[in-house]
Amino acid sequence: GGLLGSVVSSSAGNTDIKPERAGEVELGLNIGFLHNRVVFEATFYNKLVKDLIQNLTLSSSTGISTKRVNAADLRNSGIELGLTVVAVNTRDVNWTNRFLFWTNRTKLTRLDVPSYTSGVYGVSFGTYLFKEGYSPTTIVGRPQDENGNYTIFGDSQPDFQTSWNSSISFLNGFEFSFLLDWKKGGMLMNITQYNTDAGGTSPDWNNDWDNDGIPDGNGDRVGAGSAGVYVQSASYLKLREVGLRYTLPSKLTNELTKGLLSRIQLGVTGTNLLTWSPYKGYDPEINSVGTTATNTNSDLFNYPATKRFLFNIQLDF
């Protein structure tokens, strides 16, 4: 309360505490075919983190509540694949495509303290499970079964992600490009929908999600007693970027600028143009709280990604 004095810590010290340790193996492969018109890349990584420091809850009779101990090991592994294909390469047309694929898996391989949940919103809306044999990004919540275990609603980590970047040059100066991103799987806690349900302002006010005759806009979902109502799929397909550019012929550039410029390029680019997703909020690619793995994938009145159109002129001297 701002008063002078001493405060006794409620956490016990531990002279046996050790530093957390990490080791990683990474293997890569890069192969080109047909004079590098087809290039394949692959990377595999496997990272082990040992002696993670955890809080051990102590009996209240000891006069202290917790003790920091080395009590957990974690494995983080994944693959990253890339494929670059020059589909057409002639004097008048060049069409290059780049495909990327990546996936990641995390698992607590050891946990010597009792399993627990941790997160911003708690088991009523979805939170994270820390339990041996599970990923710490596993989302759980109410209801509980007869053994007291919470229901597992999914994982905030996606099954995989992939992208397609394509660029085609044609008609002696024009270049058209686009970027598509696809994320398959991954769950998001839609706290925005909970608040609009509670306030009767949900976009689907007149819908009846459980066919009980009560409109969703009357807060019908709020009293469902299951966090799974607001833990929703964050899969998406996004048209991330589209661009069209034109480079003036070098002879014309030289004549117009009297040799001052070597290149003039005009272009227009659109970003975040289209999103296809089963998510019931504005944008499945947002986060309200922090950037750590167990703070991501929550939506509390976040603005969606802004659609932008950029007009640009590039001058090379």
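These are legends for close-up views of a predicted model.

View 1. Arg221 has a relative accessibility of 5%, so the residue counts as buried, the cut-off being under 20%. Its side chain makes a polar contact of 2.7 Å with the side chain of Asp197. Another polar contact, at 2.8 Å, links the side chains of Arg221 and Asp204. Leaving aside residues up to four places away in sequence, Arg221 touches Gln193, Asp197, Ser202, Asp204, Trp209, Asp216, Val229 and Tyr230.

**View 2. The stacked pair Tyr116 and Phe130.** A search of the whole structure turns up 10 aromatic pairs. In the pair Tyr116 and Phe130, the ring centres sit 4.9 Å apart and the planes are at 0 degrees, so this one counts as stacked. Tyr116 belongs to strand E6 (residues 116–118) and Phe130 to strand E7 (residues 127–130), so the pair ties together parts that are 14 residues apart in sequence. What about burial of the two partners? Tyr116 is partly exposed, at 30% relative accessibility, while Phe130 is buried, with a relative accessible area of 14%.

**View 3. An aromatic cluster of Phe and Trp.** Now for a group of rings: Phe99, Trp164, Phe176 and Phe178 come together as one aromatic cluster.

**View 4. The second largest pocket.** This pocket holds about 280 Å³ of space. Its lining runs to 17 residues, and Thr192, Pro203, Lys280, Gly281 and Tyr282 are the closest to its centre. Helix H1 supplies three residues, the largest share of the lining. Sorted by class, the pocket lining comes out as six nonpolar, eight polar and three charged residues.

**View 5. The largest cavity and its lining.** Going by the cut-off of 30 Å³ or more, the count is one cavity. The largest cavity contains about 50 Å³ of space. Among the residues around it are Gly119, Val120 and Tyr121, together with Gly126, Thr127 and Tyr128. Met189, Thr294, Asn295, Thr296 and Ser298 also line this cavity. How many charged residues does the lining have?

Definitions and conventions
Residues are numbered from 1 along each chain as its sequence is written. This is a predicted model: local features need pLDDT of at least 70, side-chain atom pairs count only at pLDDT 80 or more; totals for chains, interfaces and linings use all residues. Side-chain values use heavy atoms; hydrogens and water are left out. On a 1 Å grid over the protein atoms alone, a cavity is a set of points where a 1.4 Å probe fits but cannot get out, and a pocket is an open set with protein on both sides within 12 Å along at least five of seven lines; lining residues have an atom within 4 Å of a point. Grid points are joined across faces, edges and corners, and a volume is the space filled by probe spheres set on the points. Buried means under 20% relative accessible area, exposed over 50%, partly exposed in between (1.4 Å probe, protein chains only). A polar contact is a pair of N or O atoms within 3.5 Å; within protein, one must be able to donate a hydrogen and the other to accept it, and residues adjacent in sequence count only if both atoms are side-chain atoms. Contact means heavy atoms within 4.5 Å. Helices (H or I, at least four residues) and strands (E, at least two) are DSSP runs, numbered from the N terminus. Ala, Val, Leu, Ile, Met, Phe, Trp, Tyr, Cys and Pro count as nonpolar, Asp, Glu, Lys and Arg as charged, and the others, Gly among them, as polar. Rings of Phe, Tyr and Trp (its six-membered ring) pair if their centres lie within 6.5 Å; planes under 30 degrees apart count as stacked, over 60 as edge-to-face and the rest as tilted.
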